[in-house]
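Hello,

Here is the structure I promised to pass on. Have a look at it first, and my notes follow below.

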Amino acid sequence: MKKLFILCTSLMVSFTTMAQDLKLWYSRPAEQWTDALPIGNSRMGAMVFGGVEQETLQLNEETFWSGGPHNNLNPKGRYALDQIRQLIFNDKFKDAHKLIDDNFNTPQNGMRYLPLGNLKLNFKYQTGTATLPLGGDGGGLGLGLYYRDLNLENATTTVRYKVGDVEYTRTAFASMTDNVIVMRIEASKKGALSFNLGYDCPAELKPVISVKGNQLTMRCEGVEQEQVPAALNAECRVVVKADGKVTPAGEKNAASSIDINRATVATIYIIGATNFVNYHDVSGNASKRCETMMKAALKKSYEKLLADHIGKYCEQFDRVHLDIPATKASEAETDVRVKKFNETDDLNLISLLYQYGRYLLISSSQPGGQAANLQGIWNGSMHAPWDSKYTININAEMNYWPAEVANLSECHDPFFSLVNDLATTGAEAAKTLYGANGWVAHHNTDIWRISGPVDGAHYGMWPNGGAWAAQHLWQHYLFTGDKDFLRKYYPVLKGSADFFMSHLTKHPKYGWLVTAPSMSPEHGYRGAGTSITAGCTMDNQIAFDALNSTLLATKALGGNSQYVDSLMHTLALLPPMQIGRHNQVQEWLVDADDPKDGHRHISHLYGLYPSNQISPTQSPLLFQAARNTLIQRGDMATGWSIGWKINFWARMLDGNHAFNIIRNMLCLLPSDAVAKEYPNGRTYPNLFDAHPPFQIDGNFGFTAGVSEMLLQSHDGAVHLLPALPEQWKKGSVKGLVARGAFVVDIEWDGSQLSKARIISRRGGTLRLRSFVPLHGEGLKAASGTCPNELLAPAAIKQPKVSDEIRPQSPIIPKVYEYDIETTPGQIINVMR
């Protein structure tokens, strides 16, 4: 490749000015996919590499998946159920495992999320005096002569560099309002911009590329997977407008790219679509959709497109501000900040990563779209890790943990739609696999809303994924108090409870109602030889939540009293949580936990987070046992598991320990290729979370965890700064949301609350909890149970304690509690 030369002069804008708090920035182009910067509008996503000789935009469209409409249900399942249960109750777990594989599995294990290919821009430069060579794709650039960033404050990416005496600038964004990805390219010298625009798409997708005038069109097909024929086709249209010469390039009458020559400004418009309508309908027309969207986008000027995009994006993003003061170390490039985080005082990086999680959720999950999958909407591989499906034994739920508390409630909507779809396909699964009422989904689903087990008995025989996902409906109600929403989705909640009431079976040894067969996600205990079991702790906790939230929803909506009685009867027969011989929360009915086990899933603490069944006020013995479990499992884990542990330690009211977990997450992994050399690397250069490989749930878990350190509302009160680390001496947060529909601003100094401002969206009793005394108009000391049902703690059974131990009691800091009756829109100010 021909070498370019660059004049060693400073850019017009200094890096210290450009590298502001809420920018990811770098002094060289991306070399790996996890160096590139993500933009998205929920419907489409792009990874922007920022190359100098060649720019790449790796593209995705949210509905482009393999396969087609189907469900993965084996009709033999229900007829083998009794025999499988009998084997489990007789401790013949391996035999039960084999019978499950033979009767519940199908060849279909979920379809995969596909890439849409790559837009390639190959630049031609006229160089004059030169002193510094550029290697291929700009990789040799340095010394402050190249700059690229992702600005979280307006959801745009920028690339800026100089060749000779010409400065080039590229700005890209995925419009939140106009369904188009836009890139504007500008040269500081008239006529100095020339490039070829082409498209690269995996051959497996059978791409056909055509050019007409200033428009390039790529059409491709989905792929068959696991005997499910491809039902989708996709189209991507690219239009380029420039003030220079724009001509088709390639063989005569068969152009496959576009040449842009001697321009000063060029604007590229990118639209993608498929024929997907919904999980059972693929009758759409990708070409007509692209044509309609492109015509609409082209009617607007670039300036109007950009302004509308920023306005819509900021309406969501600007609701929350987190300020942890920057230091000199905060001025470094983003990957350098991560690399040196544990050696410097750069606490401001926490603010950046926190807001990055909010940015990613806004960019990947908007009303009317698909839920964010295992990689959000960004995937460059034909075979994404774990197919980039929806893993609903934690990962998909974790994607949405920050949605309510971080003031992005509408971003939750696609997940509600997914759950609503699963309630339909899952009703078929409940009947076919278990002969049960209601609906069920297992540990994984996809765009076709499959509801049967996948990946064999060890991973897949877990009939609780749907019920866990449905709890997001209840949590939305607790955060908003929206009874119209609750009424709309009540059948979905009720269906999750109805499944348990018809499926739970009496354990012959203990007499409790349990799930069987099942397992504690992806984990078994020593000696069992398999993960298959009955009535593990997480199952019992999820069953409790499904039954209890349905009970509370039924009461809130004035429902049937006989149905309430049935729910209460079933709840009374669930197993209690148990404290085992290591003073731990037991993971299984048997006391088989290994205190040296560092497994990534800590499923039996679902009751601590995201649920509210384990708390210092209502269940102190379990609270201490949960602490012991966390210590036994250790502080290091895969990326997403670290995200969960931040939330766990926040719920433990231990900010210092939560911060230690954050330190474990903020360890650089330069790329997957060197993962063995960086065994503790958990954050890529572009701040994507590293399992490794990339999973976006860790980013969302981080944002949820930091929110939980600053505000909690699950345990009978709105707790201000429940887990603030000592190292976070000074700072503020604005716009967090508590259950009960309270919007909370907090400032702290000397690692203690200094003042807070609360807006009551719907009125009702506000109970405040703090580690310091508070003062404010209308505050009165609280007594008794908080009357606001949206803040109510869980009413659980007392735990069963091992005869081998004396249970430990936790050390709980003194708290101060206050009540104030609020009206809608009222503002409450308090200070210490």
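What covers the buried residues of H16? Strand S24 (578-579) and helix H17 (639-651) are included in that cover. Helices (H or I, at least four residues) and strands (E, at least two) are DSSP runs, numbered from the N terminus, and buried means under 20% relative accessible area, with a 1.4 Å probe and protein chains only.

A word on the background: this is a predicted model, in which local features need pLDDT of at least 70, side-chain atom pairs count only at pLDDT 80 or more, and totals for chains, interfaces and linings use all residues. Residues are numbered from 1 along each chain as its sequence is written, and side-chain values use heavy atoms, without hydrogens or water.

Back to H16: among its buried residues are Leu 622, Phe 623 and Leu 630. Just after this helix, Gly 634 has a positive phi of about 90 degrees.

You will also find 37 aromatic pairs (rings of Phe, Tyr and Trp, the last by its six-membered ring, with centres within 6.5 Å; planes under 30 degrees apart are stacked, over 60 edge-to-face, the rest tilted). Phe 659 and Trp 728 have ring centres 5.9 Å apart and planes at 80 degrees, so their pair is edge-to-face. Phe 659 belongs to helix H18 (residues 655-665) and Trp 728 to the loop between strands S26 (718-720) and S27 (731-738), so the pair ties together parts 69 residues apart in sequence. Phe 659 is at 0% relative accessibility and therefore counts as buried; Trp 728, also at 0%, counts as buried too.

Happy exploring!

Technical notes. Buried means under 20% relative accessible area, exposed over 50%, partly exposed in between (1.4 Å probe, protein chains only). Contact means heavy atoms within 4.5 Å.
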